[in-house]
Amino acid sequence: MPPGGREYLCIYDDTEESSGSRRARGRPWCWPPNGGWLCDSWTRASGEPAATREVEDEYSDGEYRADEYPYWLSHWRSAARRHHRHWRGRYHGPFRRSRDARLLGGVAEGLSKRTGIDVTIIRVVFVLFGLASGTGVAAYVLAWLFLPVEGEDTNIAQRAMEDRRGIALALAFLPALVATLLLAAALRAGWVDSLAWPLFVGAAGLVLLWRNAPSDERAVLERLAQPVLNVAVPQGRSWRRISARALIGAVLLGGGLFALLAGHPSHIFLRSLGGILLVMAAFVVIFGPWWLGIARDLVVERQARVLAEERANVATRVHDSVLQTLALIQRRADDPQQVAQLARAQERELRSWLFNGYVPGSTSSEDSTVGEAVQRVQREVEAAHGIKVEVVTVGDCDLDDDLRELLAAAREATVNSAKWSAAPVVSLFAEVEPDEVSIFVRDRGKGFDPGSVPPDRKGVSESVFGRMSRHGGVAEVRSAPGEGTDVALKMPRRVARRPKRAAS
Amino acid sequence: MRTATPRVFLVDDHELFRAGVRNELGTSVEIVGEADDVSPAIELISEREPDVVLLDVHLPGGGGQAVVEAVKGEHPSVRFLALSVSDAPEDVIAVIRAGARGYVTKTISGPELVDAVRRIADGDAVFSPRLAGFVLDAFSAMPGGADSNVSLDPELDQLTSREREVMRLIARGYTYKETARELSISIKTVETHVSSVLRKLQLSTRHQLTRWAAERRLI
């Protein structure tokens, strides 16, 4: 039992080699447990021996149990086996980017898995080359573009071929590159050349990546770009952001001016500076409209995409509700009243979506106008009592407390009709005039004799109508047996004159 | 009151709906033909000259409006009853202003449809409660802001108080018979009032009428 409880895991076990990293391995030449590094026995850190099993490969005779070998032989055989297994266990397919164990795009991981070199070494190489001449950045970006993810065959570049706007955007960097090169030539800074090309390639590649990478890879890019974007994109007037941008701008400007001034006498500097500014202005004039066009195109494209998504969402929701209703109707096909009710409810919802722009699923809890409140009464009474409610409204106005009482009385009258009249249809008519609002509830059902209702049955209706009359409203019930019922509710409006809005 | 069965022509682009109407109208009317598009409808109607045409408002290729406008000039005896699934007045008003004499929604029951067809064949107008509500709104007693500059022709641009009462009762869901009883007039008088309202609806250049429809489309 090795001291310290370090976990020794078998280096020959294939499952350990799949990720290409050797973190889980001990150092085989310093502490061989059980007399040999054979993958048939290993111990866990907890100390209890794990299973032993027969080793099966072309190096073993199959006759001996592994832990019977003498130490020296097992060590030699273990080394040979280690190499073979290591080679055998390694990935041999084409170059691919890694999917799971990735820092940025999985390029370094993928390369390490294929070549067997340690991941950290590859990453360090990339960084060194990137710092020295920018080629590291360009190489990484190109690898990201052109190597497919493991398990797939298409790379991002193939998708980018069809994205014309992205290619146009990437090529838009070209004038910037040319400008930089000219600038460098003017200032005799030869080192800029070797830096500019790879950086241009890297920037163009990044643009293509941003537009065409699948969402999980884009998320990585977005996470990285977050701090930069927060500073660069003007979102709101946060003073911290503005001051951060100003500070960075000032530092860059100061550094640039210092670098320029330090090497040249002032009048030569002024001439060359003037020339450089003219060149830059020329570029802006020549390429400005093109750049603006690309920017505008991108904005339009994004808006169109957002709109299409929104529309698809709404259409899906609507279709979903219609499908549900149709399924329900099929199930209840032998109850005609239910069928009619379901069909009516769905019809109203679809009609209000098509013609009034009301999106299903967005329910407003508060009604703000008489028209909306009347429609809510219609919906709720139809759903609760299975009776058809026809609504006609003329004019509209905002609800206030008095009108809410009126609407409550109207709902009460409608529910009464639904419950007692046995009529198939109840008609609701709401008229908004400058000085009063009237609602008429009419059905052609059994009717009743208003005088003969026993006092104890009056209950809720009386309270609702009573409340309305306390607010200044008037209720009149006309009915006769066999002739239906007509309830007239009127409420004077507090505000004398209001502009009439369009009726529904 | 004509006793002969009215001759009816169906125009609708939904085959199922036409079959249903054929079923419901049954033997009460004589169906002389069907069409599912604007040009065949115009041709066949001009050829067969039915009494009543049941016309779907939403037809591809110009809508029911196009059929009415094309036939109205040469065959003034043909009367149109508009059918609409939308119940939205701006669809219906266009057809009515083109010359239809009324509209019903497609959810109407069989007997009511027969009744409406008969009424149109007799020369009257069919007003659903919603249409009556719209009329009340469009011909409001208080002139709207834009109307106050234009001089209103009392003949066409205003409803008389009697017409307004009739419209209000119809909007409340009263049948013609009940309206007549309520106002203590004869049914014929009610029909006359309704027809005159229809005429005003069709001919009035009242700003609010057109603006109302335009507003609806914008909202």
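## Chain A and the basis of the model

Chain A contains 16 helices and seven strands, where helices (H or I, at least four residues) and strands (E, at least two) are DSSP runs numbered from the N terminus. This is a predicted model, in which local features need pLDDT of at least 70 and side-chain atom pairs count only at pLDDT 80 or more, whereas totals for chains, interfaces and linings use all residues. Residues are numbered from 1 along each chain as its sequence is written, while chains are lettered from A and ligands numbered from 1 in the order in which they are written.

Of the 504 residues in chain A, 23% are buried; a residue is buried if 20 or more other C-beta atoms lie within 10 Å of its own, exposed if 12 or fewer, and partly exposed in between, with C-beta atoms placed from the backbone. Among the contacts in chain A with a separation of 6 or more, 66% are made by residues 24 or more positions apart, a contact being a pair of residues whose C-beta atoms, placed from the backbone, lie within 7 Å.

## The open sheet of chain A

In chain A, five strands form an open sheet of mixed pairing, in the order β3-β4-β5-β7-β6; two strands pair if DSSP finds at least two bridges between them. The edges are held by β3 (388-394) and β6 (474-479) of chain A, each of which has a single partner strand, so one side of each is left without a neighbour in the sheet. From one strand to the next, the twist averages 10°.

Within α14 of chain A lies A:Q375, which is buried, with 22 other C-beta atoms within 10 Å. The C-alpha atoms of A:Q375 and A:E390 are separated by 9.6 Å, the two residues being 15 residues apart along the chain.

## Strand β5 of chain A

Strand β5(A) is mostly covered, seven of its eight residues being buried. With β4(A), strand β5(A) pairs in the antiparallel sense over seven bridges, and the two form a hairpin with three residues between them; in this pairing A:E431 stands opposite A:S438 in β5(A). Eight bridges link β5(A) to β7(A), again in the antiparallel sense, and the bridge partner of A:R442 in β7(A) is A:D486.

## Parallel strands in chain B

Strand β1 (7-11) of chain B has four of its five residues buried, so it is largely enclosed by the rest of the structure. Five bridges join β1(B) to the parallel strand β2 (30-35) of chain B, with B:V11 opposite B:A35 in β2(B). Between β1(B) and β2(B) the chain crosses through helix α1 (15-25) of chain B, and this β-α-β crossover is right-handed, meaning that, with the strands pointing away from the viewer, the path from the first strand over the helix to the second runs clockwise. Strand β1(B) also pairs in the parallel sense with β3 (52-56) of chain B, over four bridges, and here B:V11 stands opposite B:L55 in β3(B).

## Nonpolar cores

The largest nonpolar core has 93 residues, of which B:L55, B:L81 and B:A82 touch the most other members; such a core is a set of buried Ala, Val, Leu, Ile, Met, Phe, Trp, Tyr and Cys residues joined through C-beta atoms within 7 Å. Helix α15 (401-420) of chain A supplies the largest share of this core, eight residues. Not counting residues up to four places away in sequence, B:A82 touches B:L55, B:V57, B:G64, B:V92, B:V95, B:I96, B:A100 and B:Y103.

Definitions and conventions. Axes fitted to C-alpha atoms, helices over the stretch in contact; angles between N-to-C directions. Contact = placed C-beta atoms within 7 Å.
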